[in-house]
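Dear colleague,

I am passing a structure on to you, and I would be grateful if you could read through the notes below with it open beside you.

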Amino acid sequence: MDPTALAAARERSADHVASLRRALDSLVEDQSLSSADDEHDPEGVTIAVQRAQLQGLLSAAEEERDELDRAAQRMAAGDYGRCAECGGVIGAERLEALPAVRTCITCASRPRRRRTAR
Ligand SMILES: [Zn+2]
């Protein structure tokens, strides 16, 4: 993963966050225009469900963008591609698939319990 590819991934991720935020905003707008009588309005319930789904997608997208920001910071510091657990090198293929990943495949596949037990 070179800096340009990482920057492109960050840009895509930021766009994704922005478009989800717009969708959520317009949904909130629609809701405030529709009747306030949500309990007896089946459409009101649907909007509430859609809104909850969009909020979930938005926070996941924001998290991904933040992870990519941290990956860019690690790259600037020269730590990119090093495992946060064992300090080993993370495979290029793994970084290609998951640009923001912080651990090597060995550490990632190790059971979580054993890591926290130490
Ligand atoms: Zn590792």
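The notes that follow take up the metal site and then the salt bridges.

Please keep in mind that this is a predicted model, in which local features need pLDDT of at least 70 and side-chain atom pairs count only at pLDDT 80 or more, while totals for chains, interfaces and linings use all residues. Residues are numbered from 1 along each chain as its sequence is written, and side-chain values use heavy atoms, with hydrogens and water left out.

**The zinc site**

The zinc ion is coordinated by the SG atoms of Cys-83, Cys-86, Cys-104 and Cys-107, at 2.2 to 2.3 Å, where donors are N, O and S atoms within 2.8 Å of the metal (3.2 Å for Na, K and Ca), and since water is not among the atoms, sites may look incomplete. Along the chain, these donors follow the spacing C-x2-C-x17-C-x2-C. The angles among the four donor atoms run from 105 to 114 degrees, and the site is tetrahedral, a term used for four donors if all angles lie between 85 and 135 degrees.

Of these cysteines, Cys-107 is found in helix H4, residues 105–109 (helices are DSSP runs of H or I with at least four residues, numbered from the N terminus). The C-alpha atoms of Cys-107 and Cys-83 are separated by 8.1 Å, although the two residues are 24 apart along the chain. Cys-107 has a relative accessible area of 0% and is therefore buried, and Cys-104 is buried as well; buried means under 20% relative accessible area, exposed over 50%, and partly exposed in between, with a 1.4 Å probe and protein chains only.

**The salt bridges**

If a salt bridge is taken as a side-chain nitrogen of Lys or Arg within 4 Å of a carboxyl oxygen of Asp or Glu, the count comes to four. One of them joins the side chains of Arg-10 and Asp-69, at 2.9 Å from N to O, and this pair links distant parts of the chain, with Arg-10 in helix H1 (residues 3–33) and Asp-69 in helix H2 (residues 42–77), 59 residues apart. Arg-10 is partly exposed, at 32%, and Asp-69 is partly exposed too, at 26%.

Another salt bridge is formed by Glu-67 and Arg-70, at 3.0 Å from N to O; both residues lie in helix H2, three residues apart, which is about one turn of the helix. The side chains of Arg-65 and Asp-66 also meet in a salt bridge, at 3.3 Å from N to O.

Terms used. Helices (H or I, at least four residues) and strands (E, at least two) are DSSP runs, numbered from the N terminus. Four donors count as tetrahedral if all angles lie between 85 and 135 degrees; four count as square planar and six as octahedral if opposite donors are over 155 degrees apart and all others between 65 and 115; anything else is irregular.
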